[in-house]
Amino acid sequence: APVFPGPSISGWTPPSDRHFTPLRGPHGKFISPPQRAPSSASPGSPADPAQRHTKGERSHTDIAELAKHEAEIEHRTAALKREGFWSLKRLSRVSEPARPKVHWDYLCEEMQWLSADFAQERRWKRGVARKVVRMVMRHHEELRQKEERARREEQAKLRRIASSIAKEVRCFWTSVEKVVQFKQQSRLEEKRKKALDLQLDFIVGQTEKYSDLLSQSLSEAPPPGPLPPAR
């Protein structure tokens with residue numbers, strides 16, 4: 001069966017009216033919008049006959065224009081039916097051909113690629129930032145450990161220097177103590193020797209004195225007499 005295009009009313013121009021617009025129903029038929037009810041006056045306000053008459057004439061004019069518009073639509077619909085361009089059945093959906101790429105499509109693809117590139121670069125920069133942060137933290141940790149190690153080595157070096165100085169001082173005072181002890185021993189030996197010399201001189205003097213006295217006593221004594229005869 002031949003496929004006819006949808007109803008076209010390109011040759012018809014609707015009257016310019018701001019109160020209603022032709023609408024199309026679910027089966028392709030035009031339906032008229034509901035008419036606006038004239039605004040009624042409030043119960044307590046007094047009715048103005050001139051204003052009511054003007055509103056009545058305007059509503060009659062709108063109804064006449066709407067009826068004329070609907071008559072034109074029906075006339076155009078009947079003409080399309082006679083020409084065979086109007087069908088009561090829903091026309092089969094015509095598959096649209098593949099739309100070729102235009103500048104906007106390439107722009108959208110480029111923007112999509114650029115967005116993915118920016119996201120990837122952002123992830124890469126975050127990864128690099130994490131690595132740099134770890135490296136900086138490791139560097140500062142190594143500096144702190146190095147400073148701590150240098151401080152401990154400095155303390156150990158100072159302790160070694162102090163220990164060597166203390167050993168030298170101890171050796172010095174040990175040698176000084178030995179010298180002092182030697183001097184004291186020498187003095188004691190000298191004093192003892194002097195005391196022994198004095199004692200020896202005294203003994204020699206006494207011996208000489210006793211020997212002189214003995215020699216004097218022997219020289220002054222009478223010669224001994226004859227010895228008695230032995231029995």
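Trainee: Why are Glu 148 and Arg 151 said to be separated by about one helical turn?

Mentor: Because Glu 148 and Arg 151 lie three residues apart in helix H2, which covers residues 103-220. Helices (DSSP runs of H or I, at least four residues) and strands (runs of E, at least two) are numbered from the N terminus. An α-helix has 3.6 residues a turn, so residues three or four places apart point the same way. The model is predicted, so local features need pLDDT of at least 70 and side-chain atom pairs pLDDT 80 or more, while totals for chains, interfaces and linings use all residues. Residues are numbered from 1 along each chain as its sequence is written, and side-chain values use heavy atoms, leaving out hydrogens and water.

Trainee: What makes the contact between Glu 148 and Arg 151 a salt bridge?

Mentor: The term requires a side-chain nitrogen of Lys or Arg within 4 Å of a carboxyl oxygen of Asp or Glu. For Glu 148 and Arg 151 the N to O distance is 2.2 Å, so the pair meets the definition. Arg 152 also forms a salt bridge with Glu 148, at 3.8 Å between the closest N and O atoms. Arg 152 and Glu 148 are four residues apart in H2, about one turn of the helix. Through shared partners, Glu 148, Arg 151 and Arg 152 are joined into one network. By this rule, the count comes to eight salt bridges.

Trainee: Why does Asp 105 count as buried?

Mentor: Buried means under 20% relative accessible area, exposed over 50%, and partly exposed in between (1.4 Å probe, protein chains only). Asp 105 has 15% relative accessibility and therefore counts as buried. Its salt-bridge partner is Arg 99, with an N to O distance of 3.0 Å. Arg 99, at 60%, is exposed. Glu 148 is partly exposed at 29%, as is Arg 151 at 41%. The buried residues of H2 are Asp 105, Ala 119 and Gly 127, and buried residues make up 6% of the 231 residues in the chain.

Trainee: What makes the nonpolar surface patch?

Mentor: Patch residues have over 30% relative accessible area and no salt bridge; like charges are joined within 9 Å, nonpolar side chains (Val, Leu, Ile, Met, Phe, Trp, Tyr) within 5 Å. Val 102, Trp 104, Leu 107, Met 111, Trp 113, Leu 114 and Phe 118 make a patch of about 730 Å², with areas from the Shrake-Rupley method. Trp 104, which lies in H2, is exposed at 57%.

Trainee: Which residues form the positive surface patch?

Mentor: Arg 122, Arg 123, Arg 126, Arg 130, Lys 131, Arg 134 and Arg 138 form the patch. Lys and Arg count as positive, Asp and Glu as negative, and His and the chain ends are not counted; the charge is placed at NZ of Lys, CZ of Arg, CG of Asp or CD of Glu. Arg 130 lies in H2 and is partly exposed at 47%.

Technical notes
Accessible areas come from the Shrake-Rupley method with a 1.4 Å probe; for residues, only the protein chains shown count as cover.
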